[in-house]
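This report describes selected features of a single structure. Please consult the sequence and the coordinates alongside the text.

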Amino acid sequence: TDKLELYPNPAKDQLTVSTEQAIENITITNVIGQNILNNSYPNDKAKKYTCDVSGLLAGVYFVTVRSGGKTLTKKFIVIR
């Protein structure tokens, strides 16, 4: 099964993204679909990354992760 974990959720400054396969790309979008962050990791084999979300306004966001040829999306909340 494909698993995407986000923690802590809700987040304040840091959001850790964890999957079972190597992460190829992480995109954070807001509720109206604007890209806030887009990081690619084409040569890394890491299954966990920490994203800095300290600059985001409080609200609801979505993390989309491309991993193992699949795309997984999960909602997270930023609090201030």
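Leaving aside its neighbours within four places in sequence, with which residues is Ser18 in contact?

## Basis of the model

The model is predicted: local features need pLDDT of at least 70, side-chain atom pairs count only at pLDDT 80 or more, and totals for chains, interfaces and linings use all residues. Residues are numbered from 1 along each chain as its sequence is written, and side-chain values use heavy atoms, with hydrogens and water left out.

## Surroundings of Ser18

Apart from residues within four places in sequence, Ser18 is in contact with Lys3, Leu4, Glu5, Tyr7, Lys47 and Lys48, where contact means heavy atoms within 4.5 Å. Ser18 belongs to strand β2; helices (H or I, at least four residues) and strands (E, at least two) are DSSP runs, numbered from the N terminus. Ser18 is buried, its relative accessible area being 16%. Buried means under 20% relative accessible area, exposed over 50%, and partly exposed in between, with a 1.4 Å probe and protein chains only.

## The three-stranded sheet

Three strands form an open sheet in the order β1-β2-β5, with antiparallel pairing; two strands pair if DSSP finds at least two bridges between them. Each of β1 and β5 has a single partner strand and stands at an edge, so one side of each lacks a neighbour in the sheet. On average, neighbouring strands of this sheet are turned by 20 degrees against each other, direction ignored. Such angles rest on axes fitted as lines to C-alpha atoms.

The antiparallel strands β2 and β5 are joined by five bridges. Across this pairing, Val17 stands opposite Tyr49 and Leu15 opposite Cys51.

## Nonpolar core and aromatic pairing

The largest nonpolar core has 20 residues, of which Leu15, Val17, Ile26, Ile28, Val53, Val63 and Phe76 touch the most other members. At least two residues of this core come from each of β1 (4-7), β2 (14-19), β3 (23-30), β5 (48-52), β6 (59-67) and β7 (70-78). A nonpolar core is a set of buried Ala, Val, Leu, Ile, Met, Phe, Trp, Tyr and Cys residues joined through side-chain atoms within 4.5 Å. Beyond four places in sequence, the residues that Val17 touches include Leu6, Ile23, Ile26, Val63 and Val65.

Two aromatic pairs are counted. Tyr41 and Tyr49 form a stacked pair, 3.8 Å centre to centre with 15 degrees between the planes. Rings of Phe, Tyr and Trp (its six-membered ring) pair if their centres lie within 6.5 Å; planes under 30 degrees apart count as stacked, over 60 as edge-to-face and the rest as tilted. Both Tyr41 and Tyr49 are buried.

Technical notes: Axes are lines fitted to C-alpha atoms, for helices over the stretch in contact, and angles run from 0 to 180 degrees between N-to-C directions.
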